[in-house]
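Have a look at the model first.

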Amino acid sequence: DKLKLEYAERYRLVYGLLKVGEPRRMKVRRNSRVRKQGGYFIWVEFPSHVDSDDFLSYSVEHFGVKFMPGGRCDPFPLSNGGGDDDNDDTTGIAIRSSARLCFADLDRDDLIEATDAFLEAFR
């Protein structure tokens, strides 16, 4: 239970920082199309033209911040995203234009620094 409470506090910390500093083009929602339930991740959605792999390269090179590009979490890469309609690629596009942020392995001060750098990189 202590670990769950710690993760809940870290989630609220990062989520709050993202919501306050969120650029208009970036969406941080509790119930996004690509958000998975549970775990120690926060999903961030970018505009559909943003490739999260490219943004990762830029973020690491210029700001020293890493995240998991959404496309690397897609069990159906380069497909329709696993939907029932073979012509519907909205889930695939959404996940490739998303980032999965982990808040489990950094202390709070480092989470604040990393979240600020992530936001600055996106601006």
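A crossing counts as left-handed if the near helix is turned anticlockwise from the far one by less than a right angle, and right-handed if clockwise. Helices (H or I, at least four residues) and strands (E, at least two) are DSSP runs numbered from the N terminus. This is a predicted model, where local features need pLDDT of at least 70, side-chain atom pairs count only at pLDDT 80 or more, and totals for chains, interfaces and linings use all residues. Residues are numbered from 1 along each chain as its sequence is written, and side-chain values use heavy atoms, leaving out hydrogens and water.

**α1 against α4**
- α1 passes α4 in a right-handed crossing.
- Their axes (lines fitted to C-alpha atoms, for helices over the stretch in contact) sit 10 Å apart at about 30 degrees, with angles running from 0 to 180 degrees between N-to-C directions.
- That makes α1 roughly parallel to α4 (angles under 35 degrees count as roughly parallel, over 145 as roughly antiparallel, 65 to 115 as roughly perpendicular and the rest as oblique).
- Among the α1 residues meeting α4 (contact means heavy atoms within 4.5 Å) are Leu13, Leu17 and Leu18, and the α4 side includes Leu111, Ile112 and Phe118.

**α2 against α4**
- This pair also has a right-handed crossing, α2 passing α4.
- Here the angle is about 115 degrees, with the axes 10 Å apart.
- From α2, Phe55, Tyr58, Ser59 and Phe63 meet Ala117, Phe118, Glu120, Ala121 and Phe122 of α4.

**Around Phe55**
- Setting aside neighbours within four places in sequence, Phe55 touches Phe46, Val50, Phe67, Phe118, Ala121 and Phe122.
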